[in-house]
Amino acid sequence: MDSARNDRVKIYISCHKDCAAVHNDVFTPVRQKDIVRFLLNGTEEDRFMAAHANEYCELLTQYWAWKYGDADYYGFCHYRRYFEFNDQVKTNAHRSVKREYLNARTAEELGLNDADRLRREIARYDVIAPRPFNYYICTVYWQYKNADHLHIEDLDAVMDIIRTEYPEYDRAAREYLYGHYLYSCNMFIMRRSLFEEYSAWLFAILRRFYERRDMEALRYSSEAMRTPGHLGERLFGIYLTHLMRQKRYEIGKRRIVLFEDTEPPFRAAPAFGGDAVALFVPVSAEKLAFAAVCLRSVADAASFDRHYDVVLLCSGVGDADKEKLREVLRGRANFSLRFFDVDRLLDERTLADLSAESRTAYMQLALPYLFAQYRRAVWLDAEIVALQDIAALYDCALDEEDCCAAVADVCFAGGLNGYSPILRESYADAVGKGAFAFAEPGVLVMNFAAMRSAYGEETLLHYVRNGFSGSAERRDLLNLLCSGRIRFLEYGWNFIPEAEGSERASACTFAPKDMYAAYRAAASAPMLVHFAGSEKPWEQADSRNAHLFWRICRETPYAEVLLLAAGMGDPSASDGFWMRLLFPRGSRRRALLKKFSRRFRKI
């Protein structure tokens with residue numbers, strides 16, 4: 001057996017919060033606050049380190065591992081930065097690799113998953129360091145001197161400490177600091193004996209630095225107070241140069257991987273102990289305003305006697321917008337709101353290149369597997385205004401074998417029944433069997449156990465990758481995979497209004513008589529209004545149901561966004577939504593607006 005496999009390799013990952021991580025016994029995520037709590041109960045030196053934790057930055061983890069760890073090799077990375085261990089990975093940069101997410105796929109690609117292989121590779125060297133950054137005509141000393149928030153007097157103080165107290169390192173210090181190659185990030189992997197030597201030297205010098213430079217008295221900025229961490233980067237370069245000058249150590253150099261997003265995986269356990277109405281809503285960056293309206297309408301119509309477990313399936317949604325969406329439900333103690341990163345999941349499953357329609361189709365039909373702890377759930381598209389409590393929808397009757405409950409797509413039925421000969425021909429088998437009721441996927445009550453029994457994850461992946469395409473994909477996939485196991489709801493639970501005279505409105509009239517009559521009856525008292533058809537309030541000021549949307553929209557943080565998008569940003573625009581709604585043609589209000597608009601353009 002290769003003896004390297006028995007080496008105890010510990011690569012500590014410094015974190016300030018829970019984060020995504022590589023899961024094997026080589027990598028050990030360590031939260032800074034846990035180290036501080038531990039050191040506060042330790043020696044005088046430990047307590048000093050704990051008191052200055054924010055100044056030492058990730059060096060705090062190194063100190064803790066030096067004092068209390070036990071390994072043959074000690075390594076240090078950050079929650080967003082790892083070493084890569086796959087030379088075949090392509091990159092445009094010499095010293096770094098970038099990936100959006102840290103997940104099982106990227107960990108495998110970068111050679112981080114195989115613990116035995118990692119041990120063998122690491123055991124070949126005494127030290128593994130990052131590939132250095134080349135400043136070419138500038139020096140490491142110049143870079144520190146010209147860095148924002150740093151003070152060259154601090155590095156000069158450290159150089160003086162080395163010159164007077166560790167003269168054997170002086171030549172290496174001058175060679176490194178006046179050279180062109182910078183080793184950054186306080187990242188390395190080191191054999192135990194060298195690690196203990198380096199740590200004793202490093203922390204002794206930094207402690208002497210505190211005696212010479214009082215950063216608080218010098219009124220350092222918050223970033224400048226992190227100077228000990230910055231000095232540690234330069235000291236590692238000096239120590240590595242000292243080892244390389246001896247020409248008796250094996251030094252390896254690997255690229256750094258920078259992960260843009262290291263949020264921890266979503267915890268799928270139901271909120272409120274599972275005693276809640278579970279609701280999933282897809283939210284993309286383009287539909288944030290619609291999702292806010294949907295959430296607010298659901299909350300306004302909700303019962304205070306029920307709990308609601310809301311999960312937003314997010315794509316391209318940043319932290320600022322998440323906070324705005326939280327604001328929509330602020331004060332609603334019976335609501336839980338959480339965010340699931342769709343982009344992360346699709347990246348891990350090599351589905352990131354799917355079209356927007358395919359992505360939504362996959363997420364909708366994968367929910368029974370992704371959230372297996374849930375019994376049933378409601379799915380609402382973002383462009384929905386709830387006028388009734390969705391708890392009544394969630395509670396609808398479903399037999400054990402029913403995969404889901406949905407409303408029949410009346411517009412599609414009209415197309416099959418004569419409005420679109422091409423559509424009728426494409427679905428000839430269904431038409432021949434008299435099947436006109438196809439479930440519209442924008443509103444679903446989903447029975448997760450039944451859906452799992454109807455199709456497997458691999459079948460779903462096959463169809464998403466190879467099967468359907470185009471705007472009908474979601475509907476076709478849902479009706480294919482749940483064929484014969486869909487319970488149909490009354491149209492009020494997914495009423496899609498159509499603009500008078502539109503093609504979609506005409507298509508609806510071709511639907512079988514009973515379907516069209518039920519659809520028309522729902523128009524007078526809908527429970528959920530789904531603006532997925534030809535009537536879109538943000539485009540049509542005089543549409544029949546626009547007031548339902550704008551009444552709710554005014555109570556969300558996105559009202560101004562839609563206002564500007566609808567045309568109010570250009571007062572001279574003749575067809576803007578808000579111009580027609582608030583400043584009708586021929587009105588005194590519109591004349592005054594144009595008058596002031598002309599004045600402002602002259603300024």
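Student: In this predicted model, what do the buried residues of helix H1 pack against?
Tutor: Strand S1 (9-15), strand S2 (27-31), helix H2 (44-51), helix H3 (53-56) and helix H4 (59-68). Contact here requires heavy atoms within 4.5 Å.

Student: Which residues of H1 (residues 32-39) are called buried, and what makes them so?
Tutor: They are Gln 32, Ile 35, Val 36 and Leu 39. Buried means under 20% relative accessible area.

Student: Why are they placed on the same side of H1?
Tutor: They cover an arc of only 100° around the axis, so they sit on the same side of H1. An α-helix has 3.6 residues a turn, so residues three or four places apart point the same way.

Student: What makes S4 and S5 edge strands of the sheet?
Tutor: The open sheet has three strands in the order S4-S11-S5, with mixed pairing. Strand S4 (81-83) and strand S5 (96-101) each pair on one side only.

Student: How do you know that S4 pairs with strand S11 (residues 256-261)?
Tutor: Pairing needs at least two bridges. Three bridges join S4 to S11, and the two run antiparallel. Among the bridge partners, Phe 83 has Ile 256 in S11.

Student: What is the largest nonpolar core made of?
Tutor: It has 117 residues. Leu 312, Tyr 362, Phe 371, Leu 380 and Phe 549 have the most contacts inside it. Helix H12 (residues 288-301) gives the largest share, 10 residues.

Technical notes: Residues are numbered from 1 along each chain as its sequence is written. This is a predicted model: local features need pLDDT of at least 70, side-chain atom pairs count only at pLDDT 80 or more; totals for chains, interfaces and linings use all residues. Side-chain values use heavy atoms; hydrogens and water are left out. Helices (H or I, at least four residues) and strands (E, at least two) are DSSP runs, numbered from the N terminus. A nonpolar core is a set of buried Ala, Val, Leu, Ile, Met, Phe, Trp, Tyr and Cys residues joined through side-chain atoms within 4.5 Å. Buried means under 20% relative accessible area, exposed over 50%, partly exposed in between (1.4 Å probe, protein chains only). The arc is that of the directions from the helix axis to the C-beta atoms.
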